[in-house]
Amino acid sequence: MEDGESLKKIISHSKEYGFVIPSSEIYEGLNAVYDYAHNGVLLKNNIREYWWKSMVQMNQDIIGVDSAIFMHPKTWIASGHVEAFNDPLIDNKDSKKRYRADVLIEDYLEKQRNKLNKEVLKAKKKFGDKFDENEFITTNKRVLELNDRIKSINERMADGFKNNNLNDIENLINELEIKCPVSGTSNWTEVRQFNLMFKTNLGASSDSNMELYLRPETAQGIFLNYLTLQKTSRMKIPFGIAQIGKAFRNEIVARQFIFRMREFEQMEMQFFIKPGTQDKWYKHWKEKRMEWHLSLGIEKNNYRFHDHEKLAHYADAASDIEFKFPFGFKELEGIHSRTDFDLKSHEKLSGKKIQYFDTEKNESYTPFVIETSIGLDRMFLSVLSSSYSNENLEDGSSRVVLKIPKQIAPVKIAVLPLLKKDGLPEIAKELLNEFSSEVNLSYDEKDAIGRRYRRQDAIGTPYCITIDHKTLEDNTFTLRDRDSMGQKRINKDELINIVKDELTINNLLNN
Ligand code: ATP
């Protein structure tokens, strides 16, 4: 399936089956703003719970906070967002479409990397078992050329952004003959900076009126509260503060469904450490976060690290965990070594001391920070897109099935009475009552059983339980497995074990 096609299918499936719907649709929708429908809310809640439990509940050295979206406007001066939270914008004069200059170059680089990989694959095929990949990569002329080219473009882009030399970024786009995907031309404007923060006003009267911003990240709510939280929870360094909440960015290009929205949710954790230990902790959190992703059981090859060349103004090291979305590998989560930049800046601008007092050494210092930051909506898209599968079945029919990791599936078990009579619905409802405090269940008595199975496949329900006449005799049910479509007869005790051992978030956490 073509990439664009597969995203389109996911978008329409999401809408049809109650995951994600366009916001304000009766007024033609709002660009890049989405609402979550019932199944979407359930899936989102499960991902959020998986993150929160593994980050906070299971770590005695991490505490939580829920800070307000509105923050004093000085926050964003100190953090550097007023000055530097810009994206480089470029327009194509023919299509009138707007792009992020860095994304245009990154996409170009990705194409070069794909070319390089193709060369390797071609050689692998040609030489079979005798193929030595390392030797090929380090000696093949074409591969070496491509590698040099990628490296030099990367360096030039990094230098251009570091020195705020937007002219050179523009030159680079022109030299590489990057074309607008819509008009197909290279008729570009100059590159300009565009601040991504949304402005609003606090208060109604003109004298008390204060201009403020909707927060573009949740992290600053952690930094401003750092000292109070550390003291009230009596935390000792190293320790972390975690927060889940909405963030807002007036993105230049907000396409690709919920991958890039203007209102989205972040799950962030700032880990406060002793200066000088940042390399160790940066490495630690990179590993930990990758482990968290992999324990969901989604295909490992969908993830990779991308270490940054272009560092944000606050970071001394940064890496993304990228995910293979339907439109290619893109950032899913960022791990940043943020130094003491934020705390120091707030200390300077507020005039308040924001330090850590080390009681053992009897000295104060400004902690360094390692941040892990993931978008909940992007995580949602990674789960949805990797689980979407269109299968042709042996009987010639086909089905769409979402192979969502069982523990975070929106509905865990569908309870289906074979007929709407003979006491079968009553038994089904007893099961619902018994299990619905443990896991989310759904009840469906409409249509033939095959169609009901398909409906559950389409929302990713791992198991269906069918109540039939045999249930009346021996209290057993048919258990139907989403992935294998296999069926077997089980009794209540076995059902209890399945719920307990396979279907809760705790099963993921205890692995
Ligand atoms: P990108 O380069 O894709 O714009 P970023 O580097 O600006 O992302 P961060 O500032 O590191 O992103 O934000 C942390 C996380 O928040 C990202 O890894 C991503 O998952 C999520 N995120 C950022 N911007 C958006 C957005 N507009 N919509 C949805 N999620 C977002």
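Predicted model: local features only at pLDDT ≥ 70, side-chain atom pairs only at ≥ 80, totals over all residues.
Ala37 sits in the loop that links strand E2 (34-36) to helix H2. With a relative accessibility of 15%, Ala37 counts as buried, because buried means under 20%. Now look along the chain to Arg113. Ala37 and Arg113 are 76 residues apart in sequence, and their C-alpha atoms are separated by 38 Å.

Next comes helix H2 itself. This helix spans residues 38-57, and Ser54 is part of it. Is Ser54 buried or exposed? Its relative accessibility is 17%, so Ser54 counts as buried. The side chain of Ser54 reaches back to the backbone oxygen of Trp51, at 3.3 Å. Ser54 also touches Asn59, Trp292 and Leu509, with residues up to four places away in sequence not counted.

Now turn to the ligand. How many residues surround it? There are 17, and the closest are Glu251, Arg260, Met261, Glu331 and Leu332. A polar backbone atom of Met261 lies 2.7 Å from a nitrogen atom of the ligand. The side chain of Glu331 brings an N or O atom to 2.6 Å from a ligand oxygen. Arg378 takes part as well: an N or O atom of its side chain is 3.0 Å from an oxygen atom of the ligand. On its own, the ligand has 590 Å² of accessible area, and the protein covers 87% of that.

Which strands build the shell around the ligand? Strand E10 (263-273), strand E13 (328-339) and strand E16 (368-375) each supply at least two residues. E13 gives the most, with five. The shell can also be sorted by class. Seven of its residues are charged, five are polar and five are nonpolar.

Move on to strand E17, residues 388-392, where Glu391 has its place. Glu391 counts as buried, because its relative accessibility is 17%. Which side chain does Glu391 meet in a polar contact? The partner is the side chain of Lys403, at 2.6 Å. Lys403 is also among the residues in contact with Glu391, together with Ser397, Ser398, Arg399 and Val401, once neighbours within four places in sequence are set aside.

The last stop is helix H16. The buried residues of H16 (residues 492-502) are Leu495, Ile498 and Val499. Why do they share a side of H16? They cover an arc of only 95° around the axis, so they fall on the same side of the helix. The general rule is that an α-helix has 3.6 residues a turn, so residues three or four places apart point the same way.

The two faces of H16 can now be followed outward. The buried residues pack against strand E19 (413-417), helix H13 (424-435), strand E21 (463-467), strand E22 (476-481), strand E23 (487-491) and helix H17 (505-509). The face turned away from the buried side carries the exposed residues Asp493 and Lys500. Asp493 also has a part at the start of the helix. Asn491 caps the N-terminal end of H16, with a side-chain oxygen 3.1 Å from the backbone nitrogen of Asp493.

How values were computed:
Residues numbered from 1 in each chain as written. Heavy atoms only, no water. Near = heavy atom within 4 Å. Polar contact = N/O pair within 3.5 Å; in protein donor to acceptor, adjacent residues only side chain to side chain. Areas by Shrake-Rupley, 256 points an atom, 1.4 Å probe, with all protein chains shown as cover. Helix = DSSP H or I, 4+ residues; strand = E, 2+ residues; numbered from the N terminus. Nonpolar A, V, L, I, M, F, W, Y, C, P; charged D, E, K, R; others polar. Buried < 20%, exposed > 50% of the residue type's maximum accessible area, 1.4 Å probe, protein only. Contact = heavy atoms within 4.5 Å. Arc of directions from axis to C-beta.
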